[in-house]
Amino acid sequence: DIKEKMKIIHKYLFVSSAMALFAMASCTNEDVVQENKKQNEQKGVTEFAMNMDKDVMETRTKGLYTGSAIDFYWTTNDWLWVNAPGSGLEHSRSSNIPSPGEATSAVFSFNKNYNDESYPVRYTGNGNAKGDEVTIKDSQTQKEPKDGSHIGVDGDCGVDTAKKQKTGTRPYYSFTLKHKAAYITFMPFYSKTQLANTVTVTQIKLTADENIAGTYVFNDNGLAATPKENGSKSITLKLDGSFKIPTSYDYNTNAAIMVVAPGEYHNVKVEYTLQDTKTGVTGTVSSKTYPKLIFKAGENNPIKTHDLDMNLYAAKYTTWDADEYYWNNESDVPLVNGESKRVTDPKTKYNFTHAQNAPASGQVYRNCNYPNANQMAYYVWHGDPHWDGTTLWVRTGHLYIGGLWLLKCANHPNFSDEHYKLANGTTADYRLNTTWTDWRNVNATWKVTLDTSHKTKPSNFGDYFFLPAMGYAGYANGTLVTGEAGYYGVYWSATSYYDAEVAKAISFHFSDTEVGMSVDNRDNVYPIFKVQ
């Protein structure tokens, strides 16, 4: 019966939730796991027939599904190669795969009579006109989560020995395609809060010390160990669809599949490019670097433990020493530069009555448990400030970028809340009103300019803490300002000042070019930070 002749399995990806452990070097790697079942069990049959018009063969097949595997489908422009002794490589001339389309089963026909008991067969990727080489692309693209339809054009390949079957009126050949590429399935998440729907993963980049992509010689055993040309130590997977970021591992939400050359690799690093269409922010988050990883031919390696490393900051903005935050509900906080949300609750009003000629001892008031002017002075002149315009951070479920790294107070030998030590060895108390009597915003002595070496993340950043560039707002209209020169980030100190004109207080400000201190009106809406 001709209907008994056909069984060929899939070449299209589906990722499922059950995963098995994968060994990294000599120890267990909890971040990268391999599928327990290999992806190379692509069973099926095919007829090598010269006269397909005499018999129309109908497939009846199901895909290999292990519960923790990639499901494969044949797609338009898939070819099968036969390596016949004496005549070399021949590729199929037709198949029953829909055009355009995909199929869970396929029959490949050849314009040649094959009579031997067996033949080596090869699959060298979708549309590949060469039977003796395969290109693992260093730039791949996926359009939808868990949809690996791209892998055929990006380097998927396989081999087997097709064996003659004698069922029916004429022989046909069956084979089990053993996949010779390796696969990685990325599923990043962010556990600290639910990110907005406007936040997506747009790109994943994998790098290693060795070539992990390129054009490889391909024979009946599979891929050569190293590429013959166009070797690349990185692969970039571009994600064109909506790959959102859940709060825990969820392959349905953002499973992204990359084809890689099998092998042993060192210093493997994964970088995720994220985008927030609401805030207009795009940036990169890196995973930890793996000293050694082994990717085996025909196996999928799901990475399901990448919790994206981004700090989450509360949207706590306040007028100076107010008894409540300006926006009590974070959902009310403006998200982007120029957006306004006016607050009329008088409880958010700054402390007007305090600190007319304030004594040095009176620095902690209703809500001012943050650095005083002395401590802020140490941060400005001895905090080794570094502007960082690349670090991503999160506020109210949205992405933001940039901020200042400052040495932690434990790394300041003279750090004190009671005085600031001057260069000549004497001390000054910047909490006193007299310090600021002749204050002018143009006074250059109260700021430092950042040179080129201080416009990048410090190498020993564990000795520092990060202040995000959260901007500020005005009390009158609640309009968020995030990009004004000199004021990318502004924070209140606990030190007040009062002159004949208006109640004021000392603030700490920074941009990508300078760090300094200012005297500002108390009705400005700034965030605060604790001494660290």
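In what order do the strands of the open sheet of four strands stand, and is their pairing parallel or antiparallel? In this predicted model, in which residues are numbered from 1 along each chain as its sequence is written, local features need pLDDT of at least 70 and side-chain atom pairs count only at pLDDT 80 or more, whereas totals for chains, interfaces and linings use all residues. Side-chain values use heavy atoms, with hydrogens and water left out.

The open sheet has the order β27-β39-β34-β35, and its pairing is antiparallel. Strands are DSSP runs of E with at least two residues, numbered from the N terminus, and two strands are said to pair if DSSP finds at least two bridges between them. The edges of the sheet are formed by β27 (317-318) and β35 (480-481), each of which pairs on one side only. Strand β34, which covers residues 472-474, pairs with β35 in the antiparallel sense over two bridges, and Tyr-472 has Val-481 of β35 as its bridge partner. In general, the strands of a sheet pair through backbone hydrogen bonds, either parallel or antiparallel.

The loop between β34 and β35 holds Thr-479, which counts as buried because its relative accessibility is 18% (buried means under 20% relative accessible area, exposed over 50%, and partly exposed in between, with a 1.4 Å probe and protein chains only). The side chain of Thr-479 makes a polar contact of 2.4 Å with the side chain of Ser-340; a polar contact is a pair of N or O atoms within 3.5 Å, where within protein one must be able to donate a hydrogen and the other to accept it, and residues adjacent in sequence count only if both atoms are side-chain atoms. With neighbours within four places in sequence left aside, the residues in contact with Thr-479 (heavy atoms within 4.5 Å) include Gly-338, Glu-339 and Tyr-472. Another loop residue, Asp-429, lies between β31 (427-428) and β32 (447-449) and is likewise buried, at 18% relative accessibility; its side chain is joined to that of Arg-431 by a polar contact of 2.9 Å.

Strand β20 (residues 234-239) is mostly covered, with five of its six residues buried. It pairs with β12 (residues 139-142) in the parallel sense over four bridges, Gln-142 standing opposite Leu-239, and with β16 (residues 199-207) in the antiparallel sense over five bridges, Thr-207 standing opposite Ser-234.

Pro-120, in strand β10 (residues 118-123), is partly exposed, with a relative accessible area of 22%. Although Pro-120 and Val-82 are 38 residues apart in sequence, their C-alpha atoms are 5.9 Å apart in space, and Val-82 is one of the residues in contact with Pro-120, as are Trp-81 and Asp-220.

Beyond four places in sequence, Leu-274 touches residues including Val-201, Ile-245, Met-310 and Leu-399.

The structure holds zero disulfides, a disulfide being a pair of cysteine sulfur atoms within 2.5 Å. Cys-157 is buried, with a relative accessible area of 0%, whereas Cys-409 is partly exposed at 23%.
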